[in-house]
Amino acid sequence: MSTKSKHEGGAVVAEREYSSELQLRQKAVPTQRFSEVRKRVPIALDEEKRQKSVDALNQVLVDTITLRDLYKKHHWQVSGPTFYQLHLLFDKHAEEQSELVDQLAERIMALGGVSYAMAHDIAENTRIPRPPKDREEPPVQISRLLEAHEIVLQEAHAFAKDASDTGDDGTNDLLVSDVIRTNEQQVWFVSEHVVEMPLAKA
Ligand SMILES: [Fe+2]
């Protein structure tokens, strides 16, 4: 693309010329650094409050992405007599966590921040312990999921209170109504599978 000026009826008009050639391997400085929030966003929350919420939401985001992936791992690798119901349940929960991932990332952007996105950054920053690549029996899979849920719930409770204190009601609502409620419900459904019950005779 090139820019030039020409005279039309005495006025100076900028004219851009475009090419139909592909512009490949393009690079430029970032438009916004990860560590920065926009100085001015007209949502009646100052930069300091938005920065605090963005940092908190990014932590919940990386842990939610990790929990979603843990559900997918277990969805694929589950085995045994409860295969079918756990296979379906784990996938349902993965989809619900995926919905939370999108809501969290979009909230971060709406606050003028930059969300984590890529696997490398998720792995480096999650608080959820890394599971082995190996296949594990269902009670171990479930224990891992419950521990991961509790990590998310602990931080979501703390960050929701912080957001309430700073007056970031939207972030507080997302953490309470979506993150906390979804995780609590999933903990219930999963944890009932690690209660010892007779299968056929009391
Ligand atoms: Fe599947």
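His87 lies in helix 2, which covers residues 83-110. Helices here are DSSP runs of H or I with at least four residues, numbered from the N terminus. The model is predicted, so local features need pLDDT of at least 70 and side-chain atom pairs count only at pLDDT 80 or more, while totals for chains, interfaces and linings use all residues. Residue numbers start from 1 along each chain as its sequence is written.

His87 is partly exposed, because 15 C-beta neighbours fall inside 10 Å. A residue is buried with 20 or more other C-beta atoms within 10 Å of its own, exposed with 12 or fewer, and partly exposed in between, with C-beta atoms placed from the backbone. Leaving aside residues up to four places away in sequence, His87 touches His75 and Val78. Contact requires C-beta atoms, placed from the backbone, to lie within 7 Å. Ala119 is 32 residues from His87 in sequence, and their C-alpha atoms are 24 Å apart.

Helix 2 has 28 residues, which at 1.5 Å a residue should span 40 Å; its end C-alpha atoms are 40 Å apart, in agreement. The expected span is 1.5 Å times one less than the number of residues. Buried residues of helix 2 include Leu86, Phe90, His93, Gln97 and Leu100. Leu104, Ala105, Arg107 and Ile108 are also buried. The buried residues of helix 2 pack against helix 1, helix 4 (138-166) and helix 5 (169-191). Just after helix 2, Gly112 adopts a positive phi of about 90°.

Helix 1 (residues 47-77) packs on helix 2 at an angle of about 160°, and their axes are 8 Å apart. Axes are lines fitted to C-alpha atoms, for helices over the stretch in contact, and angles between N-to-C directions run from 0 to 180 degrees. Helix 1 and helix 2 are therefore roughly antiparallel, a term for angles over 145 degrees. Their crossing is left-handed: the near helix is turned anticlockwise from the far one by less than a right angle. The contact of helix 1 with helix 2 holds 14 nonpolar, eight polar and four charged residues. Nonpolar means Ala, Val, Leu, Ile, Met, Phe, Trp, Tyr, Cys and Pro; charged means Asp, Glu, Lys and Arg; the others, Gly among them, are polar.

Helix 1 also meets helix 4. Their axes come within 10 Å and cross at roughly 165°. Helix 1 and helix 4 are therefore roughly antiparallel, with a left-handed crossing. The contact of helix 1 with helix 4 comprises twelve nonpolar, eight polar and six charged residues.

Methods:
Helix = DSSP H or I, 4+ residues; strand = E, 2+ residues; numbered from the N terminus. Contact = placed C-beta atoms within 7 Å. Parallel < 35°, antiparallel > 145°, perpendicular 65-115°, else oblique.
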